[in-house]
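Reader: I'm new to this one. Could you walk me through how to read it, a feature at a time?

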Amino acid sequence: QVQLVESGGGLVQPGGSLRLSCAASGSIFRISVMAWYRQAPEKQRELVARITGGGTTNYADSVKGRFTISRDNAKNTAYLQMNSLQPEDTAVYYCNADVFTGFWNSRDYWGQGTQVTVSS
């Protein structure tokens, strides 16, 4: 059994910053890709950023230059540093991870989500 637990969401004013964390726990052999998605009201869930085990990153165009994804492999934890936040960044942010529970066995896991609200 694997769990992903997000933390760090909240209410912030436009131009402010937040740092999200996603901690994975359980029967983990290794984690390949970790990613952050978000879903705003009445919109589809979208990829925000992803990071491979080797540290290669990809970002949605809308967050490039403002958000930074990182990870600590020893702690099985991913982070999302969000700067210059704007109202359009308001959404529930979800952590996603491709977790290997054995040498060959992997599956996708999701966290429960954390609310980020950008408002004055």
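Author: Happy to. Let's begin with burial: a residue is called buried when its relative accessible area is under 20%, and exposed when that figure is over 50%. Keep in mind that this is a predicted model.

Reader: Then is Asp89 buried or exposed?

Author: Asp89 counts as buried, because its relative accessibility is 1%. Arg38 has a relative accessible area of 6%, so Arg38 is buried too.

Reader: What joins Asp89 to Arg38?

Author: A salt bridge, where a side-chain nitrogen of Lys or Arg sits within 4 Å of a carboxyl oxygen of Asp or Glu. Here the closest N and O atoms of Asp89 and Arg38 are 3.0 Å apart. This pair links distant parts of the chain: Arg38 belongs to strand β4 (residues 30–39), while Asp89 is in the loop between β8 (77–82) and β9 (91–100), 51 residues apart.

Reader: Which residue forms a salt bridge with Asp89 at 2.8 Å?

Author: That's Arg66, with 2.8 Å between the closest N and O atoms. Arg66 sits in the loop between β6 (57–59) and β7 (67–72), and Asp89 in the loop between β8 and β9, so this bridge ties together parts 23 residues apart in sequence. Arg66 and Asp89 are both buried.

Reader: Which residues are linked in a network of salt bridges?

Author: Arg38, Glu46, Arg66 and Asp89 make up that network.

Reader: And how many salt bridges does a search of the whole structure find?

Author: Four. One of them pairs Asp61 with Lys64, whose closest N and O atoms are 3.1 Å apart. Asp61 and Lys64 are both exposed.

Reader: Let's move to nonpolar residues. Which ones form a patch on the surface?

Author: Look for Phe29, Phe103 and Trp104, which together have about 450 Å² of accessible area. Trp104 lies in the loop between β9 and β10 (106–110). Its relative accessibility is 74%, so Trp104 counts as exposed.

Reader: Now the inside: which residues touch the most other members of the largest nonpolar core?

Author: That core has 30 residues, and the ones touching the most other members are Met34, Trp36, Val48, Phe67, Leu80, Met82 and Tyr93. Elements giving two or more residues to this core include β1 (2–7), β3 (18–26) and β11 (114–118). β9 gives the most, with five residues.

Reader: What does Met34 touch?

Author: Leaving out residues up to four places away in sequence, Met34 touches several residues, among them Cys22, Ile51, Ile69, Ala78 and Cys95.

Technical notes:
Residues numbered from 1 in each chain as written. Predicted model: local features only at pLDDT ≥ 70, side-chain atom pairs only at ≥ 80, totals over all residues. Heavy atoms only, no water. Helix = DSSP H or I, 4+ residues; strand = E, 2+ residues; numbered from the N terminus. Buried < 20%, exposed > 50% of the residue type's maximum accessible area, 1.4 Å probe, protein only. Patch = residues over 30% accessible without salt bridge, like charges linked within 9 Å, V, L, I, M, F, W, Y side chains within 5 Å. Areas by Shrake-Rupley, 256 points an atom, 1.4 Å probe, with all protein chains shown as cover. Core = buried A, V, L, I, M, F, W, Y, C linked by side-chain atoms within 4.5 Å. Contact = heavy atoms within 4.5 Å.
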